[in-house]
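Me: I would like to learn how to read a few features of a protein model. Could you walk me through them one by one?

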Amino acid sequence: MSVLTRDEAQTRAKLLDVHRYTIDLDLTTGDDTFDSRTVIRFTATTDADTFVELKPAELRSVTLDGQPLDPDSLDADRLPLKNLTAGEHELHIDARMRYSRTGEGMHRFTDPADGETYLYTNLCMDDAPRVFAAFDQPDLKAVFELTVTAPENWTVLANGRTEHLGDGRWQATPTPRISTYLVALAAGPYHSVTTEHRGLPFGLHCRRSLAPYLDPDADELFEITKQCYDRYHEKFDEPYPFDSYDQAFVPEFNAGAMENPGLVTFRDEFVYRSAVTDAERQTRAMVIAHEMAHMWFGDLVTLRWWDDIWLNESFAEYMGYQTLTEATRFTDTWTDFGVARKAWGYEADQRPSTHPVAPDPELVPDTASAMLNFDGISYAKGASALRQLVAWLGEKDFLAGINTHFARHKFANATLADFVDSLASSTERDVHAWAETWLRTTGVDTLKPEVTPGDEGTCTLRVEHLGSRPHRIRVGLYDQDVTDEGRQLVLRERLDLDIPHSTPQPIGKRPALLLLNDGDLSYAKVRFDTASFDTVRANLSGLPDPLTRAVVWNALRDCVRDGELAPTAYLEAARTHLPHETDLALVQGVLAFASVQVAGRYLTAEERPAALATLTDLCRDLIRRTEDGDHPGLRLIAVRHFIDVAAHPDTIAAWLADGTVPGGPELDPELRWRVLARLAVLDATDEAAIAAELERDPSATGQEGAARCRAALPDADAKRTAWEAMFTGDDLSNYLFIATAQGFWQPEQAELLEEYVPRYFEDAVALATRRGPAIADAAGRWAFPAHAVDAATLTAGEACLRDADPLPALRRKLADQLDDLARAWRVRQA
């Protein structure tokens, strides 16, 4: 197997102009493979040699301009095309292709609930050749014409509208010019709900077994889709560029979603089988908005090479959150971004693997290195940079530049330089300088306030700026007010401030709280002056705005991670203020950091029981607070986390036996599996109980729940079986691998697991080499022994990186995990 290099792509792009792919797929040839026949019509600009990519189980025949080529010339997934002459050419390839169980290429899934089989493609970024022969690079766009033979009772979906011709034959309308990685297909007995909006067919699709859960949400999903569609048409001059808009919720999907034009694919956990919070519905809505933004950012105008991933992802991320706020009932999405997404960017940007939002092309020499950059920098940091750009540039000029960009490059490709030129055409500001300081640099700036007393009780503010980027921020000045409800913090004023600034800023009398970056418009860590920190510890819950509270919680989180605030102090703040919190994203974010990072990694094994007891008491308070039934989302979050941090089995075992939490909620499948997994960790259940629960819920989610529970049992045989399933056998799908890995490592079982920590590094390298990038990513992300915060684990991991030559996807994950482990070690020492 080989990877495409940037130099090879540039050479081939100069040589070829690809016109049309005619692809005929036969999905009726068996459970393991399918037939793929491809005709590619292209022009060569000069006499030269080149190649086409293909990853077949069997290459049956190849003809170029009617002349046969030797199938045995296929080498490392490349078929050489030698002695091409300048002019028109027609390439025919007939191959047998393998189905995937790892979410790459053409994924095949059989639903354990009813035995029905479903297929879908995921071709980003270099998996198109797993389905059809292709000149597989984003700047060789072409028209795609797809024909499919499928079982008679199946539905076939594609980028364009599909027509059933009879006898299982389906024809999709030809696409506009799109990139190979955006070609999409879904086939199977999908359940569909359809409507029409502004003359365009809209569809929702899922497995038949999920139909009872999709149907009640269809109106909400369509409403959000239509609201975003209409808002984008108000923002963008260029209309939606495709002939239909289908959203398919597909099983075992590796990403959250994929922006295939006309056929967006989502992981089908977004079809909710169990109760969810409104914050989770907001997240689903944001993903809908994000993927629709890609119809313009990524699909209409596409990056030329993968160094400009941010041109796709940062824009879709920013537009998704902003448009959701403007067009739907979810008007507070930037709080969720600050809590759930921005922290992802801050963490990624402080690791050795950090990179600029827009890296130099030399830093992305091939597709393997490019795949590593689908991370918190390309998404969250990039979106944060764009939000700062809008604050600096103004939305009117920003949108004008974007529309210029679409007009110049529609159905073509563009680079960072092209985009900056488009922005510059709409403003007098120096956008090129902004791009250099924000998009070409790495790391997180830190802003620290310096408050100096002046005459008659007044003060001035200077901001110590540790970093290199300019910032336009707001500074919030808050005073204390004592009311019948307790101490509240009242906003006195917000000051706009450009950083760096040369003169002290008068702020009047010293406020109780001075908050830098109030409103979260910039991307920087912030610190508190001493008086403000005292106010935060005492009165954080008294801040009136959830986005302001998110900035404060993130600052506390950063202080813990940087060793400037004791982890126990963060727990104390959570214990004091979270019982009064109303924003669901904040409650979820704080509890997740407190339980997973603080209790699970930053505190020692001896300190963990006290931390779990604090979190248990906190969750119990939240459960009591929500007994009136007015806050079901808050109650659900509290119940989930109560289960996750339970140190004793009695209460949650009683819930499982009764099928309900006293006062609600009833235990739906998600909560039942959650309780059973925690009971497994605590050695309070067994294989018989797991098998009984699987019989009760034989769905795909139930299969994953059972795998998670079995791997969590504190039993030597159970651990051995789980380890062999993950690292010796190759039968686990991507989702079953992840579920097993999630159950395997448990802080409470450190002694039992000790022998597996050094084994992990050798076995993960072999697994990644054997099963490829998707499983390599899963092994690095989910199967890593994150609980083992000690020098021996760090030494073993560093030796692996130095000596074992892991697959790039695994190497990046290991480097990040080891850096996080070293940070946890430093926090413990501090």
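Me: Which strand pairs with β9, and in what sense?

Reply: Strand β14 (residues 185-188) pairs with β9 in the antiparallel sense, over two bridges. Strands are DSSP runs of E with at least two residues, helices are runs of H or I with at least four, and both are numbered from the N terminus. Two strands pair if DSSP finds at least two bridges between them. Here A187 in β14 is the bridge partner of L119. This is a predicted model, where local features need pLDDT of at least 70, side-chain atom pairs count only at pLDDT 80 or more, and totals for chains, interfaces and linings use all residues. Residues are numbered from 1 along each chain as its sequence is written, and side-chain values use heavy atoms, with hydrogens and water left out.

Me: How many bridges join β8 to β9?

Reply: Six bridges join β8 (residues 105-110) to β9, and the two run antiparallel. M106 has T121 of β9 as its bridge partner. Six residues lie between the strands of this hairpin, and G115 takes a positive phi near 80°.

Me: Which way do the side chains of β9 point?

Reply: In a regular strand the side chains alternate between the two faces of the sheet. In β9, T117, L119 and T121 point one way, while Y118, Y120 and N122 point the other way.

Me: Why is β9 described as largely enclosed?

Reply: Six of the six residues of β9 (residues 117-122) are buried, so the strand is largely enclosed by the rest of the structure. Buried means under 20% relative accessible area, exposed means over 50%, and partly exposed is in between, with a 1.4 Å probe and protein chains only.

Me: How do I read a pair of aromatic rings?

Reply: A pair of aromatic rings is described by the distance of the centres and the angle of the planes. Rings of Phe, Tyr and Trp (its six-membered ring) pair if their centres lie within 6.5 Å; planes under 30 degrees apart count as stacked, over 60 as edge-to-face and the rest as tilted. The structure holds 51 aromatic pairs. One of them joins F528 and F533: the ring centres are 6.3 Å apart and the planes at 35°, so the pair is tilted. F528 counts as buried at 14% relative accessibility, whereas F533, at 22%, counts as partly exposed.

Me: What kind of pair do F744 and W745 form?

Reply: Their centres are 4.9 Å apart and their planes at 85°, so F744 and W745 are edge-to-face. Both F744 and W745 are buried.
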